Amino acid sequence: MITLTIDESTPSLNPSIGQHWSYQHKLRKRWHWLVKAALLHAKVYEQPKYPKANLTIERYGQRILDADNCRAGMKALTDQLVRQGLLLDDRPAVIGEPVIRQFVAKLHRTVVTIEPRQE
């Protein structure tokens, strides 16, 4: 099991709708470094590629987002989990339906838990 704490809550989808492609590029790049920093902080140096995994994402932010907004805002995060080698892929066949929880908190962060799934 791997648990990562990222020092930022996942963004809402609303600000990025209709933005220039460079905004999306900056967002992907930012989450690349946030995930990389969380890996180093958690002392995860060799990333296992579980054939199937259970993914839990807990978002601690200023407010609770509506479901579709929250899920779409996590795309940059899940893409980076695949790119960094923590997940084989982000398709439902690999990660199933991720468990997503949201909390209101003064300290904004995102906590990601990846567990191997036996089937």
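Among the chain's contacts (heavy atoms within 4.5 Å) between residues at least 6 apart in sequence, 85% join residues at least 24 apart. This is a predicted model, in which local features need pLDDT of at least 70 and side-chain atom pairs count only at pLDDT 80 or more, while totals for chains, interfaces and linings use all residues. Residues are numbered from 1 along each chain as its sequence is written, and side-chain values use heavy atoms, with hydrogens and water left out.

**Overall architecture**

- The chain has 4 helices and 4 strands, taken as DSSP runs numbered from the N terminus (H or I of at least four residues for helices, E of at least two for strands), and along the sequence they follow the pattern β-α-β-α-α-α-β-β.
- The radius of gyration, taken over C-alpha atoms, is 14 Å, close to the 14 Å that the globule rule (2.2 Å times the number of residues to the power 0.38) gives for 119 residues, so the chain is as compact as a globular protein of that length.
- Along its principal axes, the C-alpha trace spans about 40 × 30 × 30 Å.

**Surface and charge**

- Of the 119 residues, 40% count as buried, where buried means under 20% relative accessible area, exposed over 50%, and partly exposed in between (1.4 Å probe, protein chains only).
- The chain exposes about 7300 Å², of which carbon and sulfur atoms supply 54%, the areas coming from the Shrake-Rupley method with a 1.4 Å probe.

- T10, in the loop between β1 (2-6) and α1, counts as buried because its relative accessibility is 1%.
- Leaving aside neighbours within four places in sequence, T10 is in contact with W31, R59, G73, M74, L77 and T110.
- K43 lies in the loop between α1 (21-41) and β2, and with a relative accessible area of 59% K43 is exposed.
- K43 has a positive phi of about 60° although it is not a glycine; most residues other than glycine have a negative phi.

- D66 is found in the loop between β2 (53-61) and α2 (67-73), and counts as partly exposed at 44% relative accessibility.
- A polar atom of the D66 side chain lies 3.1 Å from the backbone nitrogen of N69.
- D66 and E8 are 58 residues apart along the chain, and their C-alpha atoms are separated by 18 Å.

Conventions: A polar contact is a pair of N or O atoms within 3.5 Å; within protein, one must be able to donate a hydrogen and the other to accept it, and residues adjacent in sequence count only if both atoms are side-chain atoms.
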